[in-house]
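Grab a pencil and have a go at these exercises. Try each one yourself before you read the solution.

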Amino acid sequence: MQPKELSKAVSALVLTLVLTLLIGSALTQAALAQTMDLAGQWAPRAHQDYQDRGGGPDPVDYTAIPLNAEARARALSYTASIISMPERQCLYYPPFYVVLGPQGFKIWADFDPVTGTVLAWKVGAAIDRAVITVWMDGRPHPSKYAPHTLDGFTTGVWEGDVLTTYTTHMKAGYFRRNGVPSSDEATMTAHFMRHGNSLTISVHLEDPIYLTEPYVISRTNQLDPAANLPPTPAPCMPEPEVPRLAGGGVVPHFLPGKNPFVDEMTKRYHIPEETVMGGAETMYPEYRKKLKDNYVAPDKCVRYCCGWGGGSGGNLGCIVRGQ
Amino acid sequence: MNKSIGAFLAVLILSAWPALAQPDSGDPELEVVQVVPNFYMLAGAGGNIAVQTGPDGVVLVNVGSGKMSGKVIAAIQKLTPQPIRYIINTSADRDNVGGNAALSKAGQSFTQATNAGPGGIAAVGPATILATDMVLTRMSAPAGKQAPYPSDAWPTESFSLKEKKMYVNQEGIQAIYQPAAHSDGDVMVFFRRSDVLVAGDILDTTHFPKIEVDQGGTIQGEIDALNRMVEIAIPSIPLVWQRGGTLIIPGHGRICDQADLVEYRDMVTVIRDVVRDMIRRGMTLQQIQAANPTAGFRGRYGADSGDWTTGMFVEAIYRTLTVTKSSRN
């Protein structure tokens with residue numbers, strides 16, 4: 001190679017290297033600048049729906065869920081005995097249990113080691129919920145023929161400081177722990193909003209099989225570096241604890257019209273059965289106007305009067321008559 | 001530096017995973033989904049087609065309705081240059097066997113070789129079609145009668161044992177006979193190393209199970225078959241959060257695992273219990289239909305039109321339960 005040609009080649013190489021470094025640096029800065037840092041341990045604040053999330057809902061309480069008649073029929077056939085089936089003992093709730101359940105969670109990011117770009121955010125597991133992987137690299141959702149998994153398939157984009165995620169390919173599960181079903185066609189749109197040491201997650205659930213309109217839930221968690229939350233759930237090994245439920249011969253359920261808990265809310269809290277059966281109408285504040293003229297509060301509070309933990313852990317005032 | 005490059009390559013490979021998982025069939029109607037590295041599901045050509053590939057050739061479970069056989073053959077040839085060796089039919093449904101003749105002819109049998117030269121097998125016959133005796137009976141006809149299918153579509157190797165085994169592409173393959181489920185000729189096919197179970201029409205994630213009572217299907221046989229599959233399939237335990245475990249290819253619909261199978265089995269069992277209770281209370285079929293015993297599941301699996309409606313499913317349960325009741329009395 002002639003000296004002139006060699007010089008040209010070296011110049012071209014240097015230019016290429018400089019451009020590569022500049023572009024790489026710009027990309028890295030852009031990648032780092034576009035995200036609010038969500039990493040940390042986020043402890044639950046049990047002031048929101050504490051009964052549902054803690055002690056658990058009443059066996060037949062479908063209030064404030066926009067469920068349809070199919071969902072109601074299925075929920076009324078549900079008995080918690082089904083969880084004793086060995087095949088179901090280790091199953092998790094769907095990813096939206098992140099706002100339905102009582103637990104906190106750890107969030108971390110998986111980075112591209114070269115560019116520093118966040119490839120995926122990970123929302124750590126709870127004991128009965130899988131790790132949610134939020135893919136940030138623009139990959140498409142899988143085929144409609146692909147398996148549905150315990151963690152579903154989630155992609156995310158930043159909208160300003162809000163991380164908006166979309167989850168498909170979830171397994172069938174429950175919108176409430178008393179058997180209100182979710183189907184494997186349900187989808188979840190979630191918004192992760194950080195304000196200082198608070199993280200609010202607003203979830204919009206849609207299910208063409210069991211919901212008449214989106215079911216919207218928001219929860220706020222608090223940054224707690226000392227929470228020691230595990231990233232993954234504990235291992236689980238099922239045991240046939242009830243012999244008649246091993247082997248698939250028996251599936252626990254209530255026959256139509258035989259659910260013994262159907263009037264429990266009415267007897268205990270004087271809430272009309274029509275209301276207990278839920279539906280979109282019961283989600284909205286206006287529904288209270290429909291009830292107020294006919295509602296008579298019980299003489300005394302009989303359960304959860306000071307919060308499900310007995311009122312020892314917070315500032316919840318105990319319910320005295322009629323509150 | 002090497003570590004960084006390795007990590008970068010790992011990231012690239014990870015990012016490319018979905019593309020690997022969905023090879024392009026070249027046809028928008030025919031979708032190819034990778035199940036595990038040597039195993040694919042072809043969807044859109046009738047019933048689902050399971051494709052096991054390897055150095056010995058291709059083993060297919062079911063072949064679709066036959067309307068898209070050319071495209072199915074082209075899609076398989078994109079996956080592997082090896083010939084189709086075996087076709088296993090899980091039942092005699094047209095959605096599963098319609099492509100038998102075309103795909104068999106496109107393949108080469110192990111066992112119908114005319115000679116074996118120094119190079120080994122010189123396989124020249126069409127691919128072997130394996131099914132139960134009942135499937136052969138339903139597809140063929142006695143001499144002089146018109147058969148529903150031409151003879152080149154019939155199973156060339158039929159069996160009446162509880163199980164037929166083979167070892168192809170370095171894995172054991174079990175065709176397990178399941179009497180009186182969807183029909184009287186069902187098999188499920190278990191690929192042991194791939195850990196993939198092909199359910200045939202015992203499992204249909206798009207509908208209530210099609211129980212062909214006139215062809216020997218029963219509701220109890222269907223539940224027994226689903227229970228058998230639940231037993232065979234292993235979920236990802238104790239590390240539940242890891243993706244893994246046995247994968248199941250249904251006759252129609254999406255790929256499942258044991259949890260999906262349990263959901264389906266429980267749905268069928270609950271509806272059986274509801275119909276049985278109504279029969280015990282003296283309700284007629286018409287009254288049972290009107291009472292909607294599939295409530296809670298109808299929106300997900302039911303249909304009011306097509307070749308398998310909710311009404312037909314309820315009637316099939318009713319018919320087989322009342323036959324059982326009569327025979328007990």
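**Exercise 1.** How many bridges join strand S6 (residues 162-168) of chain A to strand S9 (residues 187-195) of chain A, and do they run parallel or antiparallel?

*Solution.* Before we start: this is a predicted model, where local features need pLDDT of at least 70, side-chain atom pairs count only at pLDDT 80 or more, and totals for chains, interfaces and linings use all residues. Residues are numbered from 1 along each chain as its sequence is written, while chains are lettered from A and ligands numbered from 1 in the order in which they are written.

Step 1: find the strands, which are DSSP runs (E, at least two residues; helices are H or I, at least four) numbered from the N terminus. Step 2: check the pairing, for which DSSP must find at least two bridges between two strands. Here 6 bridges join S6(A) and S9(A), and the strands run antiparallel. Step 3: pick out one pair, A:Val162 opposite A:Met193.

**Exercise 2.** Which residue in S10(A) is the bridge partner of A:Thr187?

*Solution.* Step 1: S9(A) pairs with strand S10 (residues 198-206) of chain A over 9 bridges, in the antiparallel sense. Step 2: look across from A:Thr187 and you land on A:Glu206. Step 3: check the hairpin, where 2 residues sit between the strands and A:Gly196 has a positive phi near 60 degrees.

**Exercise 3.** In what order do the 5 strands of the open sheet in chain B come?

*Solution.* Step 1: read off S10-S11-S12-S13-S14, with mixed pairing. Step 3: zoom in on S13 (residues 196-204) of chain B, which pairs with S14(B) in the parallel sense over 5 bridges.
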